[in-house]
Amino acid sequence: MEDAELSFAHMGLDARLLQAVAELGWAKPTAVQEAAIPLALEGKDLLCRAKTGSGKTGAYALPLLQRLLNAKMAPTVSAQVVRVLVLVPTRELGRQVVRMLRQLAAHCARHARFADVSGSDDMSAQRPILMEKPDVVVGTPSRVLAHLQARNLSLQDSLELLVLDEADLLFSFGFEDDLKKLLCHLPKIYQTFLMSATFSADVQALKELVLHNPVTLKLQESQLPDSSQLSQYQIRSETEEDKFLLLYALLKLSLVRGKVILFVSTIDRCYRLKLFLEQFSIPACVLNSELPVQSRCHIITQFNKGFYDYIVATDEQHLAEPEVLGQGKKKRGKRAEKGKESGVARGIDFENVSAVINFDFPPSIESYIHRAGRTARAHNPGTVLTFVSCSESAQLAKIEAALVGETSAITLQPYQFQMEEIEGLRYRCRDAMRSVTKQAIKEARLREIKEELLNSEKLKTYFEDNPRDLNLLRHDQPLHPAIVKPHLRNVPEYLVPPSLQAVARPLNCKRKRRKPLPPRTKEQQNPLRSFKFTRQKSRTPAKRKKPS
Ligand code: AMP
């Protein structure tokens, strides 16, 4: 077997790209990178089945950058033009793609300029950026088309490479018409990479539109990593109360460690769980399509940086479904709009997630695979814990059958847990569950949207000027601090099950925090309020300093 690091080096990539790859800690190419990069460098059109987490962005970003470097290093100096267009279904993915491109181009930044027009900025604000003819433009089909129509962008004479990322979502998010119109603005010949998690009928249609004699890479990788990398467990729970009790024990006794995403079925359930955990002083962030896009991106960025351990999320596709079911074409447009805005669960890159907990059972096999795919990314290990009630056994069997079909080895192992051992915690759990009333959930949900809308606006303007302050804004603040019972914060030693004494590490809060905290000032409750002051204060001396 070849030396791992030599694998990237043997692909014919520029030394500056290899240096960036090494700095990212990519010791060896993932399966999709190994297959796609050499073919892409040969100039082939690619139809590539690759899901988020497989390293698909690197698979097209490296040959893309190599192409740019080849063009820039050519003996005859060519004019600055837009050579590459990357189409994405969501703004979040757009940002992420540009971030990855910038990381990979860290040592050749002079030769590779990028413009992300997938964001919510005004077209007029993006115009000057496009006028400078960046080498790579990343955007959603509708925004790119709008720029082409407004003549802010021209690709007819310059485009060399088109990438369609998460292509299966491009059609289902309602971009079909925009995409067809956009293609009329492209030259006759260019190379195309189509990356898609599935080969659906939409992708087949797209293939006809944009690919010329493509090489199809249907990698023999299973939908999920094998058991040496991803451990998959089922936890049987007979009642709703058992489910909450088990979760309380798993988290509070630190039986599940590291960063965790908890999946639930509805937005209300997100808040029920967040408020429940709040009762035990376990902070968690809620992530769903109801929150403004700026906030969602900020939550994920902070989660990736290690600010939070727990995110409670919903399946976005599942959320979008009720709007579509049984409704005509008109509604598809509505769903498409929502789709353009949402995309919490797909395409977004959560980093270093050590466990996914399916608190509510996934609504479909696809959903299970998407949820599980948030952990064990690239070459990292991960765990999926799925709560299963009796009535969900049949669905579990279907999921297992689908997984077995892929690799003939994966089943969800029973998570060995003696319910009797955590009975001592039940009264605390019951107490906490009682506090989380429907009214409390409603209020928490409203309050969070209100705060996040405010944050979102300020995030956009204030933090552009003051990027350092961004870290002070947290999204895991208690939403109902008044009803948190202090005695629930810690697990006394006598309640830790004897068999778990060796492994459990109760997540107890520090002693000094047990004292009732002094009432918080408005500024402490919402750091954004004090930012206002900071900005005003810092401006005054700056003005005074002006000498003449
Ligand atoms: P993607 O599938 O492009 O969303 O990538 C998922 C994650 O895998 C990202 O955090 C990448 O930084 C990481 N990644 C991509 N390629 C590799 C590699 N060859 N080795 C290790 N990590 C990688």
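Trainee: Leaving aside neighbours within four places in sequence, what is Gln413 in contact with?
Mentor: In this predicted model, Gln413 is in contact with Gln232, Tyr233 and Gln234, once neighbours within four places in sequence are left aside.

Trainee: And which strand does Gln413 lie in?
Mentor: Strand E14, residues 413–414.

Trainee: How far apart are Gln413 and Ile235, in sequence and in space?
Mentor: They're 178 residues apart in sequence, and their C-alpha atoms are 8.7 Å apart in space.

Trainee: OK, switching to Met195. Buried or exposed?
Mentor: Met195 counts as buried, because its relative accessibility is 2% and the cut-off for buried is under 20%. Its place is in strand E6, residues 191–196.

Trainee: What does Met195 touch, not counting residues up to four places away in sequence?
Mentor: On that count, Met195 touches Cys48, Lys56, Ala59 and Tyr60, plus Leu164, Asp165, Glu166 and Ala167. As for Asp168, it's 27 residues from Met195 in sequence, with 8.3 Å from C-alpha to C-alpha.

Trainee: Now helices. How do the axes of H11 and H12 cross?
Mentor: The axes of H11 (residues 240–252) and H12 (residues 267–279) come within 11 Å and cross at roughly 50°. That angle is why H11 counts as oblique to H12. The crossing of H11 past H12 is right-handed.

Trainee: Which residues in H11 and H12 meet?
Mentor: From H11 you've got Glu240, Lys243, Phe244, Leu247, Tyr248 and Leu251, and they meet Arg269, Arg272, Leu273, Phe276 and Leu277 in H12. By class, that contact has seven nonpolar and four charged residues, with no polar ones.

Trainee: What about the largest nonpolar core: how many residues, and which have the most contacts inside it?
Mentor: It has 75 residues, and those with the most contacts inside it are Leu247, Leu262, Leu273, Phe276, Ile311, Tyr368 and Leu425. H11 gives the most to this core, eight residues. As background, nonpolar side chains in soluble globular proteins tend to be buried together.

Trainee: Let's pick Leu262. What does Leu262 touch, again not counting residues up to four places away in sequence?
Mentor: Leu262 touches Leu247, Leu273 and Leu277, along with Tyr310, Ile311, Val312, Ala313 and Ile357.

Trainee: And what other core lies apart from the largest one?
Mentor: Another core of 42 residues, including Met11, Leu39, Leu46 and Leu219, lies apart from it.

How values were computed:
Residues numbered from 1 in each chain as written. Predicted model: local features only at pLDDT ≥ 70, side-chain atom pairs only at ≥ 80, totals over all residues. Heavy atoms only, no water. Axes fitted to C-alpha atoms, helices over the stretch in contact; angles between N-to-C directions. Helix = DSSP H or I, 4+ residues; strand = E, 2+ residues; numbered from the N terminus. Parallel < 35°, antiparallel > 145°, perpendicular 65-115°, else oblique. Left-handed = near helix turned anticlockwise from the far one by under 90°. Contact = heavy atoms within 4.5 Å. Nonpolar A, V, L, I, M, F, W, Y, C, P; charged D, E, K, R; others polar. Core = buried A, V, L, I, M, F, W, Y, C linked by side-chain atoms within 4.5 Å. Buried < 20%, exposed > 50% of the residue type's maximum accessible area, 1.4 Å probe, protein only.
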